[in-house]
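This report walks through one protein model, from its overall make-up to a few side-chain contacts. Please keep the sequence and the structure in view while reading.

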Amino acid sequence: MRWLTLYARSRQVPASLAAVVSSAAVVWALAPDGSEGSGGPRLTTLFLVAGITAASIGLGGQDIALDRTAAIRWIPRRALHVLLIGTVVCAVGAVLPAAQTLGEDLATTAFVVRNSAGLMGLVALGATVCGAPYAWTPPMAWLSFSLFAPAPTGVPTQVLTWMFLPPGTAAGTWTALVLAVAGTTVYAFAGPRR
């Protein structure tokens, strides 16, 4: 159990968890009270991206060369780390719809689960391609594009704006699933970029 505590501290898990919880509190405070309609997917997606970004700092160790020479198998640990990031952000994000008692729900639990999974894979791909310090770049870039993209009329634009699509949309679900599986697999085998 001591190795787990040391691993969590070396990956800055306590600080990341505090950032995830505080971003949830900020999003909940910014949520409309129902008089102007629901802030729904935009606020919830903003929280999820902020939470994934905060948690992504732990995808790389203090010394990547030292990590690569360790006598332990990194593949299962990396995969588990990415899955835990997605699970924690999803769990904190799932509290948002349940806690929204002032007006309409921010988003459904299915929406939070789908987006957490897709963003988790996207941040893992970011750590592999850009390095752990810049793992936040792909989720933030995709969010920025999605905020200003035209209305999703065809499948290509639905794929590009998957973060804001309703949970039952096939293009949004498949995009999130492909990102989650690809990101977790690539990061587990390759690790963060040097």
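## Terms and overall make-up

A residue is called buried here if its relative accessible area is under 20%, and exposed if that area is over 50%. The model is a predicted one, and of the 194 residues of the protein, 42% count as buried. Its secondary structure consists of nine helices and zero strands, which gives the pattern α-α-α-α-α-α-α-α-α when read along the sequence.

In soluble globular proteins, nonpolar side chains tend to be buried together. The largest nonpolar core of this model holds 33 residues, and the members that touch the most others are F47, I52, L59 and L119. Two or more residues are given to this core by each of α2 (13-30), α3 (40-55), α5 (74-99), α6 and α9.

Helix α6 spans residues 109-130, and its 22 residues reach 30 Å from the first C-alpha to the last, close to the 32 Å expected at 1.5 Å a residue. After α6 comes G131, which has a positive phi, near 100°.

Helix α7 has twelve residues and reaches 17 Å between its first and last C-alpha, close to the expected 16 Å. Its buried residues are P139, L143 and S146; they cover an arc of only 65° around the axis, and therefore lie on the same side of α7.

How many aromatic pairs does the model contain? With ring centres required to lie within 6.5 Å, the count comes to one aromatic pair. The pair is made by W142 and W162, whose ring centres are 6.2 Å apart, and it is edge-to-face because the planes stand at 85°, where over 60 degrees is needed. W142 belongs to helix α7 (residues 137-148), whereas W162 lies in the loop between α8 (155-160) and α9 (170-190), so that the pair links distant parts of the chain, 20 residues apart. With a relative accessible area of 0%, W162 is buried.

A polar atom of the T175 side chain lies 2.6 Å from the backbone oxygen of A171.

Notes: Residues are numbered from 1 along each chain as its sequence is written. This is a predicted model: local features need pLDDT of at least 70, side-chain atom pairs count only at pLDDT 80 or more; totals for chains, interfaces and linings use all residues. Side-chain values use heavy atoms; hydrogens and water are left out. Helices (H or I, at least four residues) and strands (E, at least two) are DSSP runs, numbered from the N terminus. The expected span of a helix is 1.5 Å times one less than its number of residues. Rings of Phe, Tyr and Trp (its six-membered ring) pair if their centres lie within 6.5 Å; planes under 30 degrees apart count as stacked, over 60 as edge-to-face and the rest as tilted. Buried means under 20% relative accessible area, exposed over 50%, partly exposed in between (1.4 Å probe, protein chains only). The arc is that of the directions from the helix axis to the C-beta atoms. A nonpolar core is a set of buried Ala, Val, Leu, Ile, Met, Phe, Trp, Tyr and Cys residues joined through side-chain atoms within 4.5 Å. A polar contact is a pair of N or O atoms within 3.5 Å; within protein, one must be able to donate a hydrogen and the other to accept it, and residues adjacent in sequence count only if both atoms are side-chain atoms.
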